[in-house]
Amino acid sequence: MAHLPDLPPELLHMCCPLSHHKMLHLALGDDSKPAALILDLHGRRLVEWANHNLSSIHLVVPSGSSHRGVDPNLIKSLTLIDPPKLPTLHDLSLLTHLAIAFSLASHTPPQRKLSTICPPCVKSITLVRAPVEVDHLPNACTSLSLTRCQNIDVEALTGSLTELRLDDCNVNDRNLVDILIGCPELEALELPNNKPWVLEGLQEVRRQGRQMPPLRSLDASILTPAPSECSKLAIEAFPCLEELCLNVGSDPLELRALKSLKSLRLHLTQQPPVEEWVLQLPQTLQKLEVVVARQRDVKGAEIVFSNAAPVVRVQSLLDAREEAKRRMLTAQHLQELLCPP
């Protein structure tokens, strides 16, 4: 596998700079950070060099470019930014990671079904505002991230998924419970920035004795307070959690039952925290992040939680939102970084 320095000097300026690699790996959903090049396809010579010198290609195709010309047997990861139309990718026999993202101002092509786009070998799928009907997941798919996707067949979100992220999608409480029951191997669930959701269906599921997946990580943070009873239900349903993010009310939650909890993020947006909160935290906790409603509450929260975990960080809600905006990966930001003016 070739590295960036292996490129001929005259081709270096045509490739994405090193400073963009971390951001691009986020887009690709690839934690292993391989040394394969991520190509911006504006140069035929660069494509020819990649075809002859790389054993696999992690490819980002910004608007106005195409992956045509790249050896389909080399493409392992593919990110499409504002594509003019949704392509059929069944000839990419080694593709493991697929991301399709559309910016707010981009032209949106006609909708297609995911099954007509995605080959069966894909393990990770990320869709951001994509006009894609999630009708069926590839057999190999274990990771799915959907942002602002409105056409989802809940029955398709079952099987061997281990990671699932639903951000502002048309999935309600009942749908979510059905997904949990249908994904017995699910380990990580993210529900950031969703409308207020209530897991009351969990009560009925538990009464029926249905098996819930062994979640290790749960992010159920939202921008408006969730009823404390819902948080309690989530904690009771997933006792093996190691990472947890919750938006909570004013009453301290009984978290000591989570014997494996290592990382906790709490959104305390109703009133400043009290000492009783610390008494409810498990001793296994290694990292604690707290978000309070107002900047003036930060100092008090730092005092309250100072000894709650080896690593403690307190932010105001405003600072947390600004940080989330800076870290948010959108198609428009990615396009600007790949093709600066």
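Let me start with K299, which at 57% relative accessibility counts as exposed, and please keep in mind throughout that what we are looking at is a predicted model. The side chain of K299 meets that of E302 in a salt bridge, with 3.8 Å from N to O, and E302, at 32% relative accessibility, counts as partly exposed. Both residues sit in helix α9, which covers residues 298-304, and because they are three residues apart there, about one helical turn separates them.

Elsewhere, salt bridges that share partners join R265, K287, E289 and R313 into one network. Within that group I would point you to E289 and K287, whose side chains meet in a salt bridge at 3.7 Å, N to O. What is the relative accessibility of E289, and does that make it buried or exposed? The value is 15%, and E289 therefore counts as buried, since the cut-off for buried is under 20%. K287, by contrast, has a relative accessible area of 38% and is partly exposed.

In general terms, side chains of opposite charge can pair when their charged atoms come close.

Now to a pair that spans more of the chain. R148 forms a salt bridge with D168, and the closest N and O atoms of the two are 3.8 Å apart. This pair links distant parts of the chain, 20 residues apart: R148 lies in the loop between β7 (143-147) and β8 (163-167), whereas D168 lies in the loop between β8 and α5 (173-182). As for accessibility, R148 is partly exposed at 45%, and D168 is partly exposed as well, with a relative accessible area of 26%.

Let me step back, then, to the protein as a whole. How many helices and strands does its secondary structure come to? There are eleven helices and 14 strands, and of the 341 residues in the protein, buried residues make up 50%. If we take the contacts with a separation of 6 or more, residues 24 or more positions apart account for 48% of them. Finally, the protein exposes about 16,600 Å², and carbon and sulfur atoms supply 51% of that area.

Terms used. Residues numbered from 1 in each chain as written. Predicted model: local features only at pLDDT ≥ 70, side-chain atom pairs only at ≥ 80, totals over all residues. Heavy atoms only, no water. Salt bridge = Lys/Arg side-chain N within 4 Å of Asp/Glu carboxyl O. Helix = DSSP H or I, 4+ residues; strand = E, 2+ residues; numbered from the N terminus. Buried < 20%, exposed > 50% of the residue type's maximum accessible area, 1.4 Å probe, protein only. Contact = heavy atoms within 4.5 Å. Areas by Shrake-Rupley, 256 points an atom, 1.4 Å probe, with all protein chains shown as cover.
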